[in-house]
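Biologist: Could you walk me through this one slowly? I am new to reading structures and would like to ask as we go.

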Amino acid sequence: MKDIRNLPTFKYDFLGLDTQALKHSMANRLEYSAGKDLYTATTRDWYHVCAWAIRDRLMERWMETMRSYYRQDAKRIYYLSLEFMIGRTLSNSALSLGICDELAEALNEIGVELEQVQEMENDAALGNGGLGRLAACFLDSMATLALPGYGYGIRYEYGMFNQRIENGHQIEHPENWLRYGNPWEFPRAEVLYPVKFNGRVITYPDDNGEQRYQWVDTDEVMAMAYDTPIPGYGNSTVNNMRLWSAKSSRDFDLKFFNRGDYIKAVEDKNDSENLSKVLYPDDSTEMGRELRLKQQYFFVSASLQDILYRYSKYHDHFDKLPDKVAIQLNDTHPVLAIPELMRILIDKHQLPWDRAWDITRRTFAYTNHTLLPEALETWPAAMLESMLPRHMQIIYEINHRFLDEVMHRHPGDTGLLRRMSILDEDNGKRIRMAHLAVVGSHKVNGVAALHTELMKRSIFADFNRFYPDKIINKTNGITPRRWLRQANPQLARLISANIGDTWVTHLEQLKQLIPLAEDSDFRERFGDVKRHNKQQLARLIKQRLDIEVNVDSIFDCHIKRIHEYKRQLLNVLHVITLYNRIRHNPDNDVVPRTVLFAGKAAPGYHLAKLIIKLVNDVADIVNNDPAVHDRLKVVFLPNYNVSLAEQIIPACDLSEQISTAGTEASGTGNMKFALNGALTIGTLDGANIEIKEEVGEENIFIFGMTTDEVAQRKRDGYKPLDYYHNNEELKQALDMIATGYFSPAQPDRFQAIIDTLTSRGDNYMVLADYGAYVECQERFAALYRDQENWTRKAILNTANMGKFSSDRSIREYAAEIWQAEPIDIKLAEHTIEKKAG
């Protein structure tokens with residue numbers, strides 16, 4: 001094996017970052033890569049040309065970054081995540097290199113508009129929600145902080161789905177984001193690993209009489225790597241996101257092909273490559289559940305093989321693995337990496353169990369993202385035994401040894417053994433993946449202070465007592481590069497003009513804006529930026545939905561995955577209440593409001609899809625009632641993704657963060673909105689609590705029951721119908737839904753929603769919090785009338801969001817979980833050494 005530290009070198013020219021250097025690169029790429037000239041090039045061609053030109057500049061830094069990690073034998077951080085919601089790459093990469101203006105100027109001199117070019121890029125369909133967006137922010141921060149970080153995931157050929165709204169219903173269409181190719185990725189045909197499934201396990205004695213295990217008669221899929229550069233902002237670090245694509249071990253069966261059975265000839269190839277086809281296949285069927293489990297093992301097996309290959313280049317044994325490798329499991333999806341590493345160490349390298357287990361536990365750390373029991377992933381033991389028979393043996397052995405330890409420390413407590421067991425035998429013999437993660441990791445973290453405390457008190461209470469220092473908090477964060485500097489350029493320029501631009505990497509410096517909240521000139525300019533952003537969003541709404549909205553109205557935004565616990569229904573009930581107040585008092589002076597919804601419902605989550613239909617049916621009635629005019633509008637923007645969020649968030653006045661207390665782990669949308677000068681209406685849930693502590697309770701609108709009050713209300717016997725009968729406005733709103741006011745062609749269309757909120761117990765306390773929510777909305781509307789005071793509070797929200805930078809989060813992970821240090825990457829000014837070979 002070649003040692004990169006001792007290879008010969010050669011020189012090549014360092015690509016410039018000025019306008020003329022970019023034009024020169026683009027001209028070369030247009031002719032030699034796109035095969036076009038100025039007369040035949042389309043806007044899409046120019047997008048690819050720009051991407052290639054920027055990618056070339058990233059490559060110089062990428063190569064030197066990787067070489068530096070090898071030269072210094074750096075400890076590497078591997079972030080394993082089933083999702084990376086990275087959005088668009090062109091603007092972000094140009095921003096990281098500091099060439100946004102130069103790129104725009106180079107295109108302008110050619111006669112091409114950068115904005116049109118940017119619109120040619122599809123969002124990378126590699127994630128769906130907060131989990132994937134957090135992973136993307138963390139990769140950005142690791143690179144910006146010069147930490148040796150890698151992302152590992154799956155290169156989905158299709159995203160979750162492309163959401164269209166047809167007759168008010170969510171209709172799922174294939175999200176073919178790779179239709180026109182992806183100029184940012186590098187296919188690595190030589191980085192190919194076998195991933196095995198099924199088969200059986202045989203035992204045999206080794207030369208020392210020790211019993212050994214071999215997994216045989218397996219089915220095999222190949223995992224091929226695709227690499228995407230992840231640049232740091234303002235430095236020379238470019239890290240790597242490596243995604244795996246499933247490839248068949250053989251293209252087709254010639255025997256069947258020669259017989260004329262062409263479908264059978266490619267059947268194995270298609271079955272194998274389905275593994276990386278779709279993000280989150282529908283798990284309402286047995287086949288869908290099996291595919292999800294296969295996806296999880298597929299990507300952790302390939303990732304571990306790759307990680308250990310890289311480690312083994314310069315290390316002859318595995319005792320130093322935890323000193324050189326930190327693997328972070330983003331939720332339970334990658335947790336099969338724990339038994340997989342044990343299998344490799346024990347079966348392939350023949351380490352004794354105790355030594356392998358010590359190495360494994362010191363290598364892994366686990367991030368939990370949910371408190372909802374139904375969202376804690378479990379898998380049928382029988383499915384795992386069939387698909388991964390050796391792993392099940394290892395999981396059983398891990399569980400046996402762990403429970404033996406529990407029994408010796410707590411003899412006779414069979415209830416404790418049952419609760420802490422990795423194997424859940426009360427619900428049909430299932431493997432509790434979160435328990436496996438806790439037992440097999442050296443640290444477990446929650447993602448907000450309340451979430452972590454509730455983890456310790458509820459789902460992991462027994463583990464917290466057993467491992468008193470293992471569970472810690474790491475409050476989530478967002479990257480200010482994308483979510484302020486890129487998404488809201490006018491506000492970013494205003495801030496930089498007043499306090500300098502170092503806030504981009506030191507977000508706590510935004511506190512210098514606090515005295516400017518009392519400066520009337522700054523407040524006016526801050527308000528002008530907000531109005532400009534609202535005008536842009538209004539144009540987008542008109543263009544996509546042909547709905548006119550009043551830019552002087554409150555832009556009230558509820559954008560997130562559609563789920564009962566996120567309580568879009570509470571917002572809809574408030575909308576209906578406002579509508580009724582306008583109808584009953586048409587001359588009443590109300591504060592105009594535009595209520596924006598966006599988000600996808602899982603294809604098999606029928607109630608969530610019905611909520612989308614309700615929103616759109618309410619919108620149809622409200623928006624077309626002449627009595628309402630422009631005082632109230634309801635908008636559902638379809639196909640929510642990162643790029644759409646970048647357009648909505650800077651324009652928002654009121655951020656809806658209204659989940660039932662105790663259900664939201666953290667949330668990062670709340671941080672993005674507040675950073676861009678929106679005020680929050682929310683419960684004391686997730687990171688809302690910490691936002692309140694930072695911005696001050698006078699600058700946030702908190703309502704509703706606390707976590708403890710929710711629990712007490714349920715213990716006392718919560719009766720939602722009591723609220724229905726005791727609040728006339730609530731009763732009227734529910735009755736209108738129930739009797740078909742918004743669905744006259746099918747009056748019982750929303751009966752399932754009515755039943756969920758009333759006779760089925762209203763599990764997420766929508767009716768209980770309705771009164772407090774409506775009253776809190778009234779307080780916000782009163783504030784909005786006082787634009788000077790509203791703007792003052794908006795500025796203070798922006799100024800106090802420094803804590804919520806993902807840079808702060810990653811610094812804490814690096815210091816307290818990964819024990820990893822930054823590596824300074826230096827490039828020569830004009831030329832750079834490149835290793836041959």
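Predicted model: local features only at pLDDT ≥ 70, side-chain atom pairs only at ≥ 80, totals over all residues.

Biologist: Okay, so at what angle do the axes of helix 12 and helix 15 cross?

Modeller: The axes of helix 12, residues 337-348, and helix 15, residues 389-409, cross at roughly 95°, and they come within 9 Å. Angles of 65 to 115 degrees count as roughly perpendicular, and therefore helix 12 and helix 15 are roughly perpendicular to each other.

Biologist: Which residues in helix 12 and helix 15 meet there?

Modeller: From helix 12 there are Pro 339, Glu 340, Met 342, Arg 343, Ile 346 and Asp 347, and they meet Arg 390, His 391, Ile 394 and Ile 395 in helix 15.

Biologist: Let's change topic to single residues. Is Leu 131 buried or exposed?

Modeller: Leu 131, which is found in helix 6, residues 130-144, has 13% relative accessibility, and because buried means under 20%, Leu 131 counts as buried.

Biologist: And what does Leu 131 touch?

Modeller: Not counting residues up to four places away in sequence, Leu 131 touches Glu 83, Tyr 280, Asn 330, Asp 331, His 333 and His 369. As for Gly 87, that residue is 44 residues from Leu 131 along the chain, and their C-alpha atoms are separated by 13 Å.

Biologist: What about Ser 643, where is that found?

Modeller: Ser 643 is found in helix 25, residues 642-648, and it is buried, with a relative accessible area of 9%. With residues up to four places away in sequence left out, Ser 643 touches Arg 88 and Asp 123.

Biologist: And Thr 756, buried or exposed?

Modeller: Thr 756 is buried, with a relative accessible area of 13%, and it lies in helix 31, which covers residues 751-757. Leaving aside neighbours within four places in sequence, Thr 756 is in contact with Glu 564, Leu 607, Gly 761 and Asp 762.

Biologist: Now for strands. What holds the strands of a sheet together as pairs?

Modeller: In general, strands of a sheet pair through backbone hydrogen bonds, and the pairing can be parallel or antiparallel.

Biologist: In what order do the strands of the six-stranded open sheet come?

Modeller: The order in that open sheet is 20-19-18-21-22-23, with parallel pairing. Its edge strands are strand 20, residues 632-636, and strand 23, residues 701-702, and each pairs on one side only. Within the sheet, six bridges join strand 18, residues 554-559, to strand 19, residues 593-598, and His 558 stands opposite Phe 597 in strand 19.

Biologist: And how is the open sheet of three strands paired?

Modeller: The pairing there is antiparallel, and the order is 13-15-14. Strand 13, at 378-380, and strand 14, at 423-424, are the edge strands. Strand 14 and strand 15, residues 430-432, pair over two bridges, and Arg 430 in strand 15 is the bridge partner of Asp 424.

Biologist: How many residues lie between strand 4 and strand 5 in their hairpin?

Modeller: There are two residues between strand 4 and strand 5, and Asn 167 in the turn has a positive phi of about 55°. Strand 4, residues 162-166, and strand 5, residues 169-173, pair in the antiparallel sense over five bridges, with Glu 166 standing opposite His 169 in strand 5.

Biologist: Last one: which residue takes a positive phi in the hairpin of strand 7 and strand 8?

Modeller: That residue is Gly 209, with a phi near 85°, and this hairpin has five residues between the strands. Strand 7, residues 200-205, and strand 8 pair in the antiparallel sense over six bridges, and Tyr 213 in strand 8 is the bridge partner of Thr 203.

Conventions: Residues numbered from 1 in each chain as written. Heavy atoms only, no water. Axes fitted to C-alpha atoms, helices over the stretch in contact; angles between N-to-C directions. Helix = DSSP H or I, 4+ residues; strand = E, 2+ residues; numbered from the N terminus. Parallel < 35°, antiparallel > 145°, perpendicular 65-115°, else oblique. Contact = heavy atoms within 4.5 Å. Buried < 20%, exposed > 50% of the residue type's maximum accessible area, 1.4 Å probe, protein only. Pairing = 2+ DSSP bridges.
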